[in-house]
Amino acid sequence: MSTPPDVDRAAAGRAAVAARQARAAIKAAVAAGERNPLAVAEAAWREPEGPEARLRVRELLGSLRGLGPKRVAGVMAQLGIAEVKKLGGLGVRQRRALADWLRERAGDRARGRLVVLAGPTAVGKGTVSAYIRENYPDVLLSVSATTRAPRPGERDGVHYFFVSDAEFDRMVADDEFLEWATVHNLSRYGTPRPPVEATLASGRSVLLEIDLQGARQVKRAMPEAVLVFLLPPTWDELVRRLIGRGTESPAEQARRLETAKVELAAQDEFDVHVINDNVERAAQEVVDLLTAVRSAHAPELND
Ligand SMILES: Nc1nc2c(ncn2[C@@H]2O[C@H](COP(=O)(O)OP(=O)(O)O)[C@@H](O)[C@H]2O)c(=O)[nH]1
Ligand SMILES: Nc1ncnc2c1ncn2[C@@H]1O[C@H](COP(=O)(O)OP(=O)(O)O)[C@@H](O)[C@H]1O
């Protein structure tokens with residue numbers, strides 16, 4: 001038996017009222033200075049179905065102190081955003097332009113930078129991150145949660161937070177991850193959001209060493225993040241490193257090399273390429289990106 005149409009209509013009406021109220025509450029919170037407009041935009045890009053995503057850019061900007069409708073229209077024209085656009089409907093460039101503008105306006109130039117280090121298996125991501133951890137204590141290296149078992153020598157809370165499947169499920173349900181992914185079809189890995197946000201807000205930079213799927217998610221949620229792709233000097237050297245590491249069986253090595261080909265093909269999605277021919281130099285290049293002053297952005301980061 002189907003639901004009578006007037007009941008459907010009433011339910012839809014109630015949902016629309018609730019959605020309008022949710023948007024009004026967001027605008028009120030921004031106007032009162034209780035919610036940071038950039039955090040609202042980032043929530044929209046994280047949760048395409050959430051109330052923030054349905055908020056029009058015009059409404060968000062209109063909630064900012066001192067911004068009348070004329071100036072809102074001017075800013076939107078400057079950012080290349082059409083008048084009717086909702087936050088959730090913005091393209092990558094528009095997101096980045098809006099995020100930069102909001103940050104600039106807040107005079108929040110001291111906000112730290114989020115740098116993501118990714119690259120094919122065995123290129124040396126772990127080695128370069130470990131070098132940074134030991135030699136640049138000012139850089140916060142995010143500690144991921146994972147469902148895989150600890151290896152000998154790995155410490156909980158230092159290399160990873162080792163959690164059960166059930167705990168990982170709970171963290172996903174409670175929206176505690178900035179991004180998460182199943183890696184090598186095996187275990188789940190995720191970046192806990194609160195330490196990253198708190199560190200960026202305090203003006204310090206954060207480095208994430210995560211896989212390609214995670215890097216893509218971060219770019220979607222935070223377009224201002226700088227994505228770094230670590231490259232091997234040559235393909236043969238990558239093979240040598242994987243075999244030399246000796247942590248995978250020959251069958252697993254073959255599987256990872258197949259994945260590596262796919263991953264290398266994605267390098268154009270990244271903002272910066274760093275060749276890991278020398279650990280110390282590659283680490284220095286990554287750290288330079290973390291500490292670069294915004295105005296000294298390499299041109300390719302501003303495009
Ligand atoms: N998406 C995502 N990937 C992660 C995270 N933490 C680690 N990884 C990736 O998971 C993969 C496996 O890491 P690991 O188990 O330490 O083994 P490895 O293959 O020896 O580096 C690597 O590609 C990491 O970059 C995370 O929080 N999120
Ligand atoms: N610049 C480098 N030169 C030579 N060997 C390297 C370099 N960087 C890493 N390695 C070696 O390559 C292997 C893979 O490095 P690892 O950090 O485990 O890679 P990933 O974390 O990207 O899977 C390790 O045996 C490591 O010692």
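Let's start with G126. In this predicted model, G126 is partly exposed, with 13 other C-beta atoms within 10 Å. G126 sits in helix α6.

Now G124. Buried or exposed? G124 is buried, because 24 other C-beta atoms lie within 10 Å, and the cut-off is 20 or more. G124 belongs to the loop between β1 (114-118) and α6. Set aside the neighbours within four places in sequence, and G124 is in contact with L230, R241, N276 and V279.

On to ligand 2. The shell holds 14 residues. G124, K125, G126, T127 and R241 are the closest. Which elements give two or more residues to that shell? They are α6 (125-135) and α10 (235-245). By class, the shell has seven polar, four charged and three nonpolar residues.

What does the UniProt record say? Its unreviewed entry lists a "binding site" at G119, P120, T121, A122, V123, G124, K125 and G126. G124, K125 and G126 are also among the closest to ligand 2 in the model.

Last topic: α10 and its partner, helix α11 (residues 250-264). How do they pack? The two axes come within 11 Å and cross at roughly 145°. The crossing is right-handed. From α10, L238, V239, L242 and I243 take part. They meet Q253, R256, L257 and A260 in α11. That contact has six nonpolar residues, one polar and one charged.

To recap: α10 gives residues to the shell around ligand 2, and α10 also packs against α11.

Key: Residues numbered from 1 in each chain as written. Chains lettered and ligands numbered in written order. Predicted model: local features only at pLDDT ≥ 70, side-chain atom pairs only at ≥ 80, totals over all residues. Near = placed C-beta within 6 Å. Helix = DSSP H or I, 4+ residues; strand = E, 2+ residues; numbered from the N terminus. Nonpolar A, V, L, I, M, F, W, Y, C, P; charged D, E, K, R; others polar. Axes fitted to C-alpha atoms, helices over the stretch in contact; angles between N-to-C directions. Left-handed = near helix turned anticlockwise from the far one by under 90°. Contact = placed C-beta atoms within 7 Å. UniProt positions renumbered as here; feature names shortened; annotations may be inferred. Buried ≥ 20, exposed ≤ 12 C-beta atoms within 10 Å, placed from the backbone.
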